[in-house]
Amino acid sequence: MFEEPYRWMEAVSTRHNYVQEKLKMGQPVLAVPYNEGLLIFGFAPQPGKIYEIYDRIALGGVGHPADVEKLRMNLLDMAHLEGFNRSAQDVTSTRLLQFGIAPALKQNFEEIQRAPYIIRLLLVELTEQGKPNFFRMNYDGHWETFKNGTAIAGDEKVMDWLQREIQKQPFDSYSLDQALQKAAKLWDESRKIKSNDSEDEKNNELPETLKEAFDQWYLEGAVLTEKSMSKAIYRSLSEDEINRLKSSTG
Amino acid sequence: MKFQSEPNTSAGEFFELLEKSGYRWHAKIEGTEKENSFTVPQGTTVLAFHFQDGVIVAGDRRATAGNSIMYEMCDKVIPIDNYTLMAIAGVPATAFEMARVLSHNFEYYRRSQLQSMSVEGKIRALSKLLKENVGMAVQGLGVVSPIFATYDPTKKKSNIHFYDMLGADFQIRTHTATGSGSQIIRGILEHEDLWGEKPLAERTSEQAKTLAIRLLQTAALFDSATGQARPEDDIYPTLATLTEEGYRFLGDDETAEIYKSSMKRG
């Protein structure tokens, strides 16, 4: 069936459409720098978007929970084996992506007999030198690097809009509270853009405001911070930090 | 780095993952004719006792090989995770390897299962490693006698355990010590706990640190394999506390101050 190149290309193209359609409802995850490290954050109806991978590396995911989980476990296995066999300093997000999951994801996507991963991933790292690195990875293994923050979302328009807006903000000069407030505002605005673009897909069950999102959904957030006394510098946002954000958004 | 495509069934067990990747604990050596060749670990003093805020764990810095002093800056108190410390006596290669496996095991479990391993689980993990090591230990190649200290932040309770060579663990309510200098100070610890100014568990952090330094200094006076502090070279014993905030190692300057004041009477 796929012996002719055209048919193979057509099948791959169909897979793109299939995955993009499946991803469409995925809620954004934003990752931005702030003056003591980096913040990764998002709202979702079910928890399971943000995870710790290694001492200085965190993951954000959009897509099918089982696929996100599968890739999360692969990243965890790779990171911990590398950290054990060599050193924690040898575990970097670049190596995990470039030599780890990216080639495997691409191969999986182009082997059209196999089910594709329905995911978009965000991998962030605060280096030993205190420099934040942001990576975005697509379901087909394509990945991009960003210096000043990035975002993933199910809808590509929303994702691109968030990417542009994040670059406009001096996040690296913000305190954590300021960065959280600004990121939450962008998250909120990005949802309005989506609903304007696709009126027919408006879902009344989705929260319309940030306040509704706080009430109905889970806010997941974490930081990688230089202020940590521990070897593992990942920590989830505290209740106080979330409450301060909640009260600031009215 | 290898991408695994099969489902993960290890439920957060890092040692199993290591074995899948080809790692093997030291192979047993067959056919040795040397009988009863294992010896109780010699050449160190490490101790732990409960104090007001948690546990203090301390150790000297000397590493020996027979009668030779090989190294004076050995770290025998090792952080395993934020709430766990291990103090080691015995063969360093095996002890450090155990610490490394445990450290990755606990962190891998916490990250993969999205919850910390229970204190009982952590204690059991070290038991399993010691049991795996029996073959090496009875041949005299890898005897390890660790002290394992953990703090359970949910129960706000600290724990000290020591182990025998086969992996049996024993919970300590007051104090313990291991290594060649341990016999010298165990009596002092018991005396201090029973008839000292107040029981060890009621002492402040400062009092606990002072006592720990004095105990190690005493052990070094009688045991040649336990290293004394050498202020002229900025070498001091390792002191670490384990409290609600997690572990904390004292910096060199802080230890130097405590050492200075501890060496005075009173």
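My entries below go through the interface, the salt bridges, the pocket and the cavities.

**Ground rules.** I'm working with a predicted model, where local features need pLDDT of at least 70 and side-chain atom pairs count only at pLDDT 80 or more, while totals for chains, interfaces and linings use all residues. Residues are numbered from 1 along each chain as its sequence is written, chains are lettered from A and ligands numbered from 1 in the order in which they are written, and side-chain values use heavy atoms, with hydrogens and water left out.

**Entry 1: the interface.** I looked up who touches whom, with contact meaning heavy atoms within 4.5 Å. Chain A puts in 27 residues and chain B puts in 23 residues. Together they bury about 2300 Å², and 61% of that is on carbon and sulfur atoms. (Buried area is the accessible area, taken with a 1.4 Å probe, that two parts lose on being put together, summed over both.)

Next I counted polar links across the interface. There are 11 residue pairs in polar contact, both at pLDDT 80 or more. (That is a pair of N or O atoms within 3.5 Å; within protein, one must be able to donate a hydrogen and the other to accept it, and residues adjacent in sequence count only if both atoms are side-chain atoms.) On the chain B side, the elements giving two or more residues are α1 (14-20) and α2 (92-113). The largest share, 9 residues, is from α2(B). (Helices are DSSP runs of H or I with at least four residues, strands are runs of E with at least two, and both are numbered from the N terminus.) That side splits into 9 nonpolar, 7 polar and 7 charged residues. (Ala, Val, Leu, Ile, Met, Phe, Trp, Tyr, Cys and Pro count as nonpolar, Asp, Glu, Lys and Arg as charged, the others, Gly among them, as polar.)

**Entry 2: salt bridges.** The rule is a side-chain nitrogen of Lys or Arg within 4 Å of a carboxyl oxygen of Asp or Glu. A:E52 pairs with B:R110, with the closest N and O atoms 2.8 Å apart. Inside chain A, A:E69 bridges to A:R72 at 2.9 Å. Why do A:E69 and A:R72 sit about one helical turn apart? Because they are 3 residues apart in helix α2 (residues 65-85) of chain A.

**Entry 3: the largest pocket.** A pocket is an open set of points on a 1 Å grid over the protein atoms alone, with protein on both sides within 12 Å along at least five of seven lines; lining residues have an atom within 4 Å of a point. The largest one has a volume of about 1300 Å³. (Grid points are joined across faces, edges and corners, and a volume is the space filled by probe spheres set on the points.) Its lining has 49 residues, and A:Y234, B:N82, B:Y83, B:R110 and B:S116 lie nearest the centre. β9(A) gives the largest share of that lining, 5 residues. By class I noted 20 nonpolar, 14 polar and 15 charged.

**Entry 4: the cavities.** A cavity is a set of points where a 1.4 Å probe fits but cannot get out. How many cavities of 30 Å³ or more are there? I found 2. The largest is about 90 Å³, with A:D55, A:K231, B:S103 and B:E107 among its lining residues.
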